Amino acid sequence: MSIRTPIARITAKSSRPEAYPKPRWRRELATAIRQPEVLLQALGLEHYESPLSRSGFGMLVPHSYVARMRKGEPRDPLLLQVLPGGHESGYAAGYGTDPVGDLAAMAIPGLIHKYQGRVLLLLTGACAIHCRYCFRQHFPYSANIGHRLWDTWLAHIRADTSIHEVIFSGGDPLTLDDRRLSEFVEQLAEIPHLRTLRIHTRLPIVLPSRVTEALLSWLTGTRLQPVMVIHANHPQEIDSEVAQALRRIRTAGVLLLNQSVLLRGINDCSSTLATLSRVLFEADTLPYYLHLLDRVQGAHHFEVSEKEALRLMKELRASLPGYLLPRLVKEEGGKVSKTSI
Ligand SMILES: *Cc1c(COP(=O)(O)O)cnc(C)c1O
Ligand code: SF4
């Protein structure tokens, strides 16, 4: 991948010379847009009429993602995923702060052991984008993340020989540096009963420059079998740079899957979902899950009913080969797996 950012940009924000220039993805993350007004202005939507929310879950969206939005279009499917709308502060019955029972499923702080053989680790609370429908948007990260916990996770996994797969999650685990991630993976690979390393990440979609040689090197250089589950909801999120980044991951030998959330006004249309599957396939990625919305406080306006979801799946089944059909599921507390719809 070519580095297109001019060198001058590297030190533009600081007069202090840096020993090593930050990788491009770090600089892109540092300059991400955090003010809704700035985003609206960048899109030529200064006169946006609807109220905005000032909830604790602030806006975050990097410029490279904004570049994929359509100018002057308030209903743009990428914009709607990130713009904090006024309806977020409304109350909706049945919506909570821990909709999938994360807290009850934590074996020790930051380690979620809900399904047989697989543990999910909350490596960080940070993301490269704030998705307004995120089911962990109210999660108490500070008590459950941090490098200090990693040794307790390793001890827990070492002691439980039924665990064969570790899932890096968060937040987005790929907001951490490759050096730190690769050291942790080396420690995990020493645990004999572990076989699979899975990464749940939206970074290749949001900041394709995150797919560095260093990342591919630790991901494929371990004895553990690598799986990456990315997260795209709409075909417009996958431009040529994203597609190229995805193909590089797959070519390096990583099983590459996508999960989406079914979102009202964004992808609740079978032709959009079919195009998403095809565009993913062209980028060497297979659809995995299509999630019903988790009922998290602030996201009720995105909900698509189960009945509507089933109708969309029926249409999808009629237009796609079986291997491009995502599994429609919902996540519930206290179940042994995700629930198939
Ligand atoms: C979704 C999920 C997994 C992985 O489930 P798969 O069906 O194997 O993809 C593991 N742990 C938790 C807590 C999850 O939410
Ligand atoms: S990237 Fe994932 S964890 Fe982060 S805000 Fe979006 S949905 Fe939530």
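Predicted model: local features only at pLDDT ≥ 70, side-chain atom pairs only at ≥ 80, totals over all residues.
Okay, back to the cavity. Who lines it? From the sequence you can pick out N258, S260, L273, L276, S277, L280, P287, Y289, L290 and P326. At least two residues each come from β7, α10 and β8, and α10 gives the most, with four.

So let's stay with α10 for a bit. This helix, residues 270–282, packs with α11, residues 306–317, at an angle of about 55 degrees, and their axes are 9 Å apart. The two helices are therefore oblique to each other, and their crossing is right-handed. On the α10 side the contact is made by S270, L273 and A274, and on the α11 side by L312, E315 and L316. Sorted by class, that contact has four nonpolar residues, one polar and one charged. Notice L273, by the way: it's in this contact and it lines the largest cavity too.

Now, the largest pocket. We get about 1000 Å³ of space in there. Its lining runs to 48 residues, with F135, R136, S169, H200 and Q259 nearest the centre. Several elements give two or more residues to that lining, including β2, β3, β4 and α7. And the classes here? We have 25 nonpolar, 13 polar and 10 charged residues.

That's my tour, thanks!

Notes:
Residues numbered from 1 in each chain as written. Chains lettered and ligands numbered in written order. Heavy atoms only, no water. 1 Å grid on protein atoms, 1.4 Å probe; cavity = no way out; pocket = protein on both sides within 12 Å on 5 of 7 lines; lining within 4 Å. Points joined across faces, edges and corners; volume = space filled by probe spheres on them. Nonpolar A, V, L, I, M, F, W, Y, C, P; charged D, E, K, R; others polar. Axes fitted to C-alpha atoms, helices over the stretch in contact; angles between N-to-C directions. Parallel < 35°, antiparallel > 145°, perpendicular 65-115°, else oblique. Left-handed = near helix turned anticlockwise from the far one by under 90°. Contact = heavy atoms within 4.5 Å.
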